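Please look through the model with this note beside you. The points below go from confidence to overall make-up, and then to a few local details.

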Amino acid sequence: GHRAQVQMLLCFLQDVRGRYTKACYAYDQSFAELRPELVGTYLPEKLAWLDAFLARSGGPFLTGAAVTVADLAWYDLLDQLEALEPTLLDAWPALRAFGAGVAQLPAIKAFLASERFIDRPFNNLSAAWTGDDGGRENDGYGGGNGGGDGGGDADEEEEGEGDCEGDGGGDAGHQRGQPTPSGAPCTKQRWLYILR
């Protein structure tokens, strides 16, 4: 039932996020080469499916009336995808309304207004696209080995513990939350602190 739907939505999200992240961190092709197919073909196909799923649930959330972790995860990804292509959700106003609804939840609204929320960059600085003017294709930054998506994992360490070495961060060895050698904050977890 409900738990299976949440798990399915999270697995589907991982597929979509994986494709988006692969394009953002691609080293064998430029992001500019991968972006047209991602935005023009792949994402519309996946978003159409998500929109149909939302419609079947009766909303306002993906599995119905109650918010789940799948809603928070999809909200975060849809926010990033809309920054990637501002017109991407034009064909799916219900998905845009879903995102706006999640953003208005009291805990989410408070978090987004807090100093703990990191709006940009979406990806670590070793990515070709970070959601702002950063990233290796824009500023020549080439440190790190990529491989992170900024989404984090519920089992990862708390903010301020350890460093970002080995977690996909482009500036290994700096303290989380502190500026990296390139001057930007580490962005290992963009939104998950809402759940803590």
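1. Some ground rules apply to what follows. This is a predicted model, in which local features need pLDDT of at least 70 and side-chain atom pairs count only at pLDDT 80 or more, while totals for chains, interfaces and linings use all residues. Residues are numbered from 1 along each chain as its sequence is written, and side-chain values use heavy atoms, with hydrogens and water left out.

2. The secondary structure of the protein chain consists of 6 helices and 0 strands, taken as DSSP runs numbered from the N terminus (helices are H or I, at least four residues; strands are E, at least two). Of the 196 residues, 46% count as buried, that is, under 20% relative accessible area, whereas exposed means over 50% and partly exposed lies in between (1.4 Å probe, protein chains only). Among contacts between residues at least 6 apart in sequence, 64% join residues at least 24 apart.

3. How do helix α3 and helix α4 cross? The axes of α3 (residues 69–84) and α4 (residues 93–103) come within 10 Å and cross at roughly 120°; such axes are lines fitted to C-alpha atoms, for helices over the stretch in contact, and the angles run from 0 to 180 degrees between N-to-C directions. On the α3 side the contact is made by residues including Trp74, Tyr75 and Leu78, and on the α4 side by residues including Leu95, Phe98 and Val102.

4. Not counting residues up to four places away in sequence, Lys46 touches Phe12 and Val16. The C-alpha atoms of Lys46 and Phe12 are separated by 8.9 Å, although these residues are 34 apart along the chain.

5. Two cysteines can be set side by side: Cys11 counts as partly exposed, because its relative accessibility is 41%, while Cys24 is buried, with a relative accessible area of 0%. The structure holds 0 disulfides, a disulfide being a pair of cysteine sulfur atoms within 2.5 Å.

Notes. Contact = heavy atoms within 4.5 Å.
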